[in-house]
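Please look over the sequence and the structure below.

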Amino acid sequence: MIDVTDATFEQDVLVRSEQVPVVVDLWAPWCGPCRTLGPILEKAVEAKDGSVELVKVNVDDNPRISASFQVQSIPAVFALKDRQVVDGFVGAVPEPQVKEFVERLAPLPSEADSLVAIGDELSLRRALDLEPAHPGGVVALARILVERGDTTEALQLLARIPETPEARQVAAEARLAAQNVEVPADGVDVLLDALLPKVKDDEQARQEFLDLLETLGPDDPRTAPYRKALATRLF
């Protein structure tokens with residue numbers, strides 16, 4: 001637990017919230033309910049063993065922080081994750097409610113989470129028996145299946161979960177493997193260049209082109225130019 005000021009808020013709260021949820025306790029020395037809530041909040045956060053962090057802000061000394069949260073009464077507590085407020089409450093709420101608030105920020109791993117962390121196929125299948133749409137379990141098992149050529153099952157698994165960049169990439173790898181398209185470590189450009197003239201009239205070529213882009217990933221410097229070239233061909 002640290003005291004945060006207007007000058008340190010950016011680093012100690014916003015930047016830190018990119019790594020771990022940060023609870024901001026806005027209080028003042030003259031506030032009786034604040035003194036009641038403070039130890040309860042500290043105890044609840046300490047029980048999370050570092051998976052949640054707590055900072056305290058004296059609103060009298062740090063008006064910019066108070067204004068940013070639009071605080072009208074204290075104690076006021078806000079939780080930030082990835083620089084965004086994700087939860088909060090006002091007033092000296094009971095200890096069970098405080099514990100529940102902190103627990104929501106970093107839930108204990110489920111049995112399925114623990115099995116996914118092991119990572120072998122048997123553990124992943126057991127995890128999906130417990131939580132059939134566990135995102136991490138689905139993607140991890142799908143990767144294993146693609147590597148050994150079970151592309152149909154991999155795609156069926158991935159259909160259970162909402163699209164994410166990682167899920168799209170594995171699905172693309174599965175479709176390419178099903179078509180016996182070998183993606184070289186170097187030379188993807190050659191495949192893309194060969195497909196580009198066909199993408200407007202050939203649906204299979206268009207899907208293969210898109211799948212190859214997914215295997216490159218959004219950060220690859222080639223992805224944006226090839227997506228622009230595809231759009232030019234189609235429209």
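Two strands count as paired if DSSP finds at least two bridges between them. Helices (H or I, at least four residues) and strands (E, at least two) are DSSP runs, numbered from the N terminus. This is a predicted model, in which local features need pLDDT of at least 70, side-chain atom pairs count only at pLDDT 80 or more, and totals for chains, interfaces and linings use all residues. Residues are numbered from 1 along each chain as its sequence is written, and side-chain values use heavy atoms, with hydrogens and water left out.

**Strands around β3**
- Val22 stands opposite Glu53 in β3.
- β2 and β3 run parallel and are joined by six bridges.
- From β2 the chain passes through α2 to β3, a β-α-β crossover that is right-handed (with the strands pointing away from the viewer, the path from the first strand over the helix to the second runs clockwise).
- Strand β1 (residues 2–3) also runs parallel to β3, with two bridges between them, and Asp3 stands opposite Lys56 in β3.
- Five of the six residues of β3 (residues 53–58) are buried (under 20% relative accessible area, 1.4 Å probe, protein chains only).

**Helix α4**
- In α4 (residues 95–105), the buried residues are Val98, Phe101, Val102 and Leu105.
- These residues fall within an arc of 90° seen down the axis, so they line one face of the helix (the arc is that of the directions from the helix axis to the C-beta atoms).
- They pack against β2 (22–27), α2 (32–46), β4 (76–81) and β5 (84–90).

**Glu214**
- Glu214 lies in helix α11 (residues 203–216).
- Glu214 is buried, with a relative accessible area of 19%.
- Leaving aside neighbours within four places in sequence, Glu214 is in contact (heavy atoms within 4.5 Å) with Arg168, Gln169, Ala172 and Arg227.

Technical notes
Buried < 20%, exposed > 50% of the residue type's maximum accessible area, 1.4 Å probe, protein only.
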